[in-house]
Amino acid sequence: MEKKELICIGCPMGCTLSVELNQGAVASVTGNTCPKGDAYARKEVTNPTRIVTSTVKVEGSARGFISVKTQEDIPKDKIFACMEEINKIRAKAPVAIGDVLLKNVAGTGVSVVATKAAERE
């Protein structure tokens with residue numbers, strides 16, 4: 001059996017988790033004090049995902065950049081490809097919070113959305 005140690009990010013407790021794997025499948029999770037810890041550990045060792053946050057240049061606004069994020073988690077191994085695509089985006093003002101600036105980033109099926117507004121100059 002393989003054993004992995006994690007710090008849970010499911011709640012503010014930050015529990016130390018032990019995950020035992022048997023041929024790549026989760027056999028047990030210990031150390032969690034809430035159900036979120038168990039769910040986090042199982043997902044983290046079998047299919048880790050992340051929300052990606054960044055900034056995008058805005059043309060036609062006094063605000064030079066706006067913050068953006070992926071609408072959902074993407075596979076952890078797609079983060080660098082996601083950032084390459086985000087770095088190419090140039091938004092045109094006006095931009096509202098929630099506007100989709102990029103669809104299907106890095107082939108994940110997930111959109112990148114604005115998390116800040118930018119008014120036209």
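Because the model is predicted, local features need pLDDT of at least 70 and side-chain atom pairs count only at pLDDT 80 or more, while totals for chains, interfaces and linings use all residues. Residues are numbered from 1 along each chain as its sequence is written, and side-chain values use heavy atoms, with hydrogens and water left out.

We can start with the sheet. Helices (H or I, at least four residues) and strands (E, at least two) are DSSP runs, numbered from the N terminus. Three of these strands form an open antiparallel sheet in the order β1-β2-β3, where two strands pair if DSSP finds at least two bridges between them. β1 (2-7) and β3 (25-30) are the edge strands, each with a single partner, so one side of each has no neighbour in the sheet. From one strand to the next, the twist averages 25°. Between β1 and β2 (residues 16-22), which run antiparallel, there are 6 bridges; K3, for instance, has E20 in β2 as its bridge partner. Helix α1 packs on this sheet and touches β1, β2 and β3, its direction making about 145° with that of β3. Contact here means heavy atoms within 4.5 Å, and axes are lines fitted to C-alpha atoms, for helices over the stretch in contact, with angles running from 0 to 180 degrees between N-to-C directions.

Turning to the interior, a nonpolar core is a set of buried Ala, Val, Leu, Ile, Met, Phe, Trp, Tyr and Cys residues joined through side-chain atoms within 4.5 Å. Buried means under 20% relative accessible area, exposed over 50%, and partly exposed in between (1.4 Å probe, protein chains only). The largest core has 19 residues, and C82 and I86 have the most contacts inside it. Two or more residues of this core come from each of β5, β6, α2 (79-86) and β10 (112-114). A second, separate core has 11 residues, among them L6, L17, V19 and V29.

The structure holds 5 salt bridges, each a side-chain nitrogen of Lys or Arg within 4 Å of a carboxyl oxygen of Asp or Glu. One of them links K4 and E2 at 4.0 Å, N to O; K4 is partly exposed at 31% relative accessibility, as is E2 at 43%. Another joins R42 to D38 at 2.9 Å, and these two residues lie 4 residues apart in α1 (residues 35-46), about one turn of the helix. E44 and R50 also meet at 2.9 Å; E44 is buried at 13%, whereas R50 is partly exposed at 25%.

Finally, S61 sits in the loop between β5 (53-59) and β6 (65-70) and is buried, with a relative accessible area of 11%. Beyond residues up to four places away in sequence, S61 touches A93, A118, E119 and E121. Its side chain makes polar contacts, defined as pairs of N or O atoms within 3.5 Å; within protein, one must be able to donate a hydrogen and the other to accept it, and residues adjacent in sequence count only if both atoms are side-chain atoms. The side chain of S61 reaches the backbone nitrogen of R63 at 3.1 Å, and a polar atom of that side chain lies 2.8 Å from the backbone oxygen of E119.
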